[in-house]
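Me: I have a structure to read. Can you take me through it, feature by feature?

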Amino acid sequence: MFIGLDLGTSNLKGIVIDDAQNICAEASVSLNINRPNDGWSEQNPHDWIEAAENIIALLSKKTKLNLVTAIGLSGQMHGATLLDKNDDVLRPCILWNDTRSFEEASYLDSLTIFRDLTGNIVFPGFTAPKISWVRKHEPKIFDQISKVLLPKIEDKYSHLIIPSCMWLHTSLA
């Protein structure tokens, strides 16, 4: 059996499938999006962990999880989850649909190196302009950044989802 978790902008979805890819259980938990200013879109990364723990609990009520052999994660991209040297979250994640860094994106897009390297236009939703925005508007936070992770990577990296799942997995065995 396998668990799949999909971290979306508005919810976290979970599914359990068996070896024949039959759906054994499904669940969804809503996530809050904070919009403190026009064009801003943020989430607290700790809410993702709590949602994952809730999903596992919901799935375990629908099917036994003692045969789960793997957990797969997918989810939103281009969010900026900022961690310090102790891997603590420095601020709410700036999500992919946040447009506060439009000036930084425009500047970066004017530098030919970005298009030469990526072949893409630099949009405010991308991660680099968000980091430039933090540098300009939140310099104390910028100075503490040790890692910048995408939301789904932060889930993996935090080492909170997997131990929570495995604890629940072993407790149901």
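Reply: Start with helix α2. On one side of α2, F102, S106, Y107 and S110 are exposed. Exposed means over 50% relative accessible area, buried means under 20%, and partly exposed is in between (1.4 Å probe, protein chains only). Helices (H or I, at least four residues) and strands (E, at least two) are DSSP runs, numbered from the N terminus. Keep in mind that this is a predicted model: local features need pLDDT of at least 70, side-chain atom pairs count only at pLDDT 80 or more, and totals for chains, interfaces and linings use all residues. Residues are numbered from 1 along each chain as its sequence is written, and side-chain values use heavy atoms, leaving out hydrogens and water.

Me: Which residues of α2 are buried?

Reply: First, the general idea. An α-helix has 3.6 residues a turn, so residues three or four places apart point the same way. Now the case. In α2 (residues 102–110), E104, A105, L108 and D109 are buried. They lie on the same side of α2, because they cover an arc of only 135 degrees around the axis. That arc is taken from the directions from the helix axis to the C-beta atoms.

Me: What covers the buried residues of α2?

Reply: The cover includes α3 (112–118) and α4 (127–137). Contact here means heavy atoms within 4.5 Å.

Me: How many salt bridges are there?

Reply: A salt bridge is a side-chain nitrogen of Lys or Arg within 4 Å of a carboxyl oxygen of Asp or Glu. By this rule the count is 7. One of them joins R91 and E42, at 3.0 Å from N to O. R91 sits in the loop between β6 and β7 and E42 in strand β4 (residues 42–43), so the pair ties together parts 49 residues apart in sequence. R91 and E42 are both buried.

Me: D84 is buried; which side chain of opposite charge is nearest?

Reply: Lys and Arg count as positive, Asp and Glu as negative; His and the chain ends are not counted. For D84, the nearest is K147, 7.5 Å away, and D84 has no salt bridge. The side chain of D84 does reach the backbone nitrogen of N86, at 2.8 Å.

How values were computed
Polar contact = N/O pair within 3.5 Å; in protein donor to acceptor, adjacent residues only side chain to side chain.
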